[in-house]
Amino acid sequence: MIAVRSILCLVAVATIACDDNPDERTLLQAPRLLAVRAEPPVLRGVDGVVTLSALAVSTEGAYADGQAVQYRACNPWAFMVSPERDCPPETSLQLGNGELTTEQLFAFYPPPEGQGYNPGDGGVPQESCEEPASIEVPILAEVEIDGVSLVTVKRIPIFLDESARQNPSIDTIAVVATNGDERTLSIEVDPSSLDQECRDGARQLEAVRIYLYSTSGSFESSSVDVVPTPGGRIEPAEIRWTSAGESAILFFVVIDNEGGVDWRTRTLEEGSNE
């Protein structure tokens, strides 16, 4: 299997690292900000606009689509190491409704002298493996859940051309086998939601990674990769989850190589095979 690029470890969740212990990463024992989604996942040209949403989870497993999350855009022309130091609230672009436009961004953060920005230039043929030029705008997402303050960084590419990008999405999640407390889940990604990427010197449907979380029980792994064949065939991903003897909410966060994000949830009732 072709490995999904390591960037997927970085863009999924800023509150954890990619380690070898799936239990510590997948079991939701404290408030978490699991993912931030931009729709569409990139700002395109002078008329670009994105809408932000977030998946935030409380200690009880309740979740919200980011209604209480605050967003602010940081300087795309500056190198950010520390969000507190390099993107303080008083000097950053506040996004009260979670919406950001290219015009709004460059009015607040004008390009440095000599570093022009000409949307519409540098278009790349669809069949080419050359990537269009882009910069990224860091977005800080902040929320307080159960008295815990959570902060994560979402980076949104700004493309010079008008190339369309979309978020990947999960089509179906089904329990396909049960063995005692263990259930095998089949996860199908919607092929029409996948962009083209360069792999093995040719443009193909992109590979994605699905990060796994649950309010109880344990997954055998913290993530699973879905890599289409050169012919565009996509096999469902299978993952085993073991119950802890109680009902659980499972969260599935799918990420592509450019930061496209989406999520699905599934509640598994104790004693049910559905």
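Four strands, in the order β16-β14-β18-β19, make up an open sheet with antiparallel pairing. Strands here are DSSP runs of E with at least two residues, helices are runs of H or I with at least four, and both are numbered from the N terminus; two strands pair if DSSP finds at least two bridges between them. The edges of this sheet are β16 (223-226) and β19 (261-268), each of which has a single partner strand, so one side of each is left without a neighbour in the sheet. From one strand to the next the twist averages 20 degrees, where axes are lines fitted to C-alpha atoms, for helices over the stretch in contact, and angles run from 0 to 180 degrees between N-to-C directions.

The model is predicted: local features need pLDDT of at least 70, side-chain atom pairs count only at pLDDT 80 or more, and totals for chains, interfaces and linings use all residues. Residues are numbered from 1 along each chain as its sequence is written, and side-chain values use heavy atoms, with hydrogens and water left out.

Within the sheet, β14 (residues 208-214) and β18 (residues 248-255) are paired antiparallel over six bridges, and Ser214 has Leu250 in β18 as its bridge partner. Strand β14 is also joined to β16 by four bridges, again in the antiparallel sense, with Arg209 partnered by Asp225 of β16. Along β16, Ser223 and Asp225 point one way while Val224 and Val226 point the other way, and all are buried. Buried denotes under 20% relative accessible area, exposed over 50% and partly exposed in between, with a 1.4 Å probe and protein chains only.

Another open sheet has four strands in the order β10-β11-β17-β15, with antiparallel pairing. Its edges are β10 (170-179) and β15 (218-219); each has a single partner strand, so one side of each is left without a neighbour in the sheet. Strand β15 is linked to β17 (residues 237-242) by two bridges, the two strands running antiparallel. Ser218 lies opposite Thr242 of β17.

The chain as a whole contains four helices and 19 strands. Of its 274 residues, 49% count as buried. Its accessible surface, from the Shrake-Rupley method with a 1.4 Å probe and, for residues, only the protein chains shown as cover, is about 13,100 Å², and 46% of that belongs to carbon and sulfur atoms. With contact taken as heavy atoms within 4.5 Å, 63% of the contacts between residues at least 6 apart in sequence join residues at least 24 apart.

In soluble globular proteins, nonpolar side chains tend to be buried together. A nonpolar core is defined here as a set of buried Ala, Val, Leu, Ile, Met, Phe, Trp, Tyr and Cys residues joined through side-chain atoms within 4.5 Å. The largest such core has 27 residues, of which Leu52, Tyr71, Leu95, Leu100, Leu105, Val137 and Ile139 touch the most other members. Two or more residues come from each of β1 (32-39), β3 (49-57), β5 (70-73), β6 (93-95), α4 (102-108), β8 (134-145) and β9 (148-159), and β8 gives the largest share, six residues. A second, separate core of 23 residues includes Val189, Val224, Ala248 and Leu268.

Apart from its neighbours within four places in sequence, Leu95 contacts Leu52, Tyr71, Arg72, Ala73, Leu100, Gln104 and Ile139. Leu55, in strand β3, is buried with a relative accessible area of 0%. Its C-alpha atom is separated by 9.3 Å from that of Val69, 14 residues apart along the chain.

A disulfide is a covalent bond between the sulfur atoms of two cysteines. Under the criterion of a pair of cysteine sulfur atoms within 2.5 Å, the count is one disulfide, which joins Cys74 to Cys87 with an S to S distance of 2.1 Å. Cys74 lies in the loop between β5 and α3 (83-86) and Cys87 in the loop between α3 and β6, so the pair ties together parts that are 13 residues apart in sequence. The torsion about the S-S bond is about -95 degrees, so the disulfide is left-handed. Cys74 is buried at 1% relative accessibility, and Cys87 is buried with a relative accessible area of 1%.

Two backbone features remain. Most residues other than glycine have a negative phi, and most peptide bonds are trans. Glu39 and Pro40 are joined by a cis peptide bond with omega of about -10 degrees; Pro40 is placed in the loop between β1 and β2 (43-44). Asp146, although not a glycine, has a positive phi of about 55 degrees. Asp146 is in the loop between β8 and β9 and is partly exposed, with a relative accessible area of 47%.
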